[in-house]
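Let us walk through this structure one feature at a time. Keep the model open beside the text and find each residue as it comes up.

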Amino acid sequence: MMPATTAREVTAFTRQAASLLSAGLPLVQALELLGRTSRRGAISRVAKGLARRVSRGERFAVALAGYPAQFDPLYRELAAIGEACGTLAQMLSRLAEHRERAAAQRAQVRAALAYPCAVLLLAIGVTAALLVFVVPTFEQVFDTFGAALPAPTRAVMALSDSMRRWGPLCVALCGASGLAVARLVRHLPRARAARDRLLLAAPAAGPLVRALAAARWSRALGTLLTAGTPLADALQALAHVTGNAVFDAANREIEARLRRGERFAQALRAAGCFPSTLVEPLAVAEEASALDAMLLDCASLAEREVDEKLALASACAEPLVVIVLGLAVGALVVALYLPVIELGNVV
């Protein structure tokens, strides 16, 4: 059974290996040292396994292929190029930078979503608590009035009664459905592709997801081309680099079209999922034989676009969620006190 490691551990391993090789340490000794000094047992076992394989005469890239869960095709392709050219330290350093940049983007997305999601969950919890615990108390009071209740109050009473009766069952069903969908998405490629298509079609999240996937794809492809990988082979190494099934399928389609003799820009347009801000500059760069530089420039522009959209989304989501929370609680309070107000007017 392969050791289980996290992406952060692999990135730290890559950065440390690059530093040791840059300091002049031979590859086997660097791997053995990492195996002895790594704080995490999983990555330590991986480093020791790599050291044993390399000491037996295997190439480093071939040894990496023995741990596909830790080292993806992009990682192995760049390591093979660096090993062949005698620039393994520089290539590992470039890999570490690529992984650190991707991790920073993921952390930024999580940070942008954390506060709105937390406030939304708080709003749902407060509303549910009011409906389950507070509204029944008012209902007992209203029974003593002996008068017809306003329509908003009756609606709140009916909602409270439904939540007390069916709330636990609905929560259990929603939880089970969520777990089932998550399991399907994790294990079935069709379910994952359907989820990613829905994300790309979403009004607010779609452009952000598209820009993020395009940035990852451009950065990875530009890095491979800069290292000297042929275009078709570079595309083959980008099997799952975007984290989006739609873009991964488009990458495979572009590779197939290139191997049939089509031009890169034509294949990119035919894929249909890449933004025009990426397609048009790459078409010009293909004519000028400057795809590698243009891909990295487009990746930087797309990453800045993602940063700006995340900042805007975070700035807009915070007050919007607070307003929704205020409206929900305010509507409940008004509905509950409306009979008291009407009774006071009658008196």
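Helix 6 has a kink of about 40° at Val134, shortly before the proline Pro136. The bend at a residue is the angle between two axes, one fitted to the seven residues ending there and one to the seven starting there. Helices here are DSSP runs (H or I, at least four residues), numbered from the N terminus. Helix 6 covers residues 88–143, which is 56 residues. From its first C-alpha to its last it reaches 80 Å, close to the 82 Å expected at 1.5 Å a residue. That expected span is 1.5 Å times one less than the number of residues.

A word on the model and its numbering. This is a predicted model, in which local features need pLDDT of at least 70 and side-chain atom pairs count only at pLDDT 80 or more, while totals for chains, interfaces and linings use all residues. Residues are numbered from 1 along each chain as its sequence is written, and side-chain values use heavy atoms, with hydrogens and water left out.

Now turn to the charged side chains. The structure holds 12 salt bridges. A salt bridge is a side-chain nitrogen of Lys or Arg within 4 Å of a carboxyl oxygen of Asp or Glu. One of them joins Arg164 and Asp161, at 3.6 Å from N to O. Both residues lie in helix 7 (residues 151–187), three residues apart, about one turn of the helix. The cut-offs are simple: buried means under 20% relative accessible area, exposed means over 50%, and partly exposed lies in between (1.4 Å probe, protein chains only).

Another salt bridge joins Asp233 and Arg259, with the closest N and O atoms 3.4 Å apart. Asp233 lies in helix 10 (residues 231–236) and Arg259 in helix 11 (residues 245–259), so this pair ties together parts that are 26 residues apart in sequence.

Glu287 and Arg263 form a salt bridge too, with the closest N and O atoms 3.0 Å apart. Glu287 is in helix 13 (residues 276–287), and Arg263 is in the loop between helix 11 and helix 12 (264–271). The two are 24 residues apart, and the pair links distant parts of the chain. Glu287 counts as exposed because its relative accessibility is 59%.

Next come the aromatic rings. A pair of aromatic rings is described by the distance of the centres and the angle of the planes. Rings of Phe, Tyr and Trp (its six-membered ring) pair if their centres lie within 6.5 Å; planes under 30 degrees apart count as stacked, over 60 as edge-to-face and the rest as tilted. The whole structure has five aromatic pairs. How do Trp217 and Phe274 meet, and at which angle? Their centres are 4.6 Å apart and their planes stand at 50°, so the pair is tilted. Trp217 sits in helix 9 (residues 205–226) and Phe274 in the loop between helix 12 and helix 13, 57 residues apart. Trp217 is buried, at 0% relative accessibility. Phe274 is buried as well, at 8%.

Phe274 also pairs with Phe247, edge-to-face, at 5.1 Å centre to centre and 85° between the planes. Ring pairs link Trp217, Phe247, Phe264 and Phe274 into a cluster.
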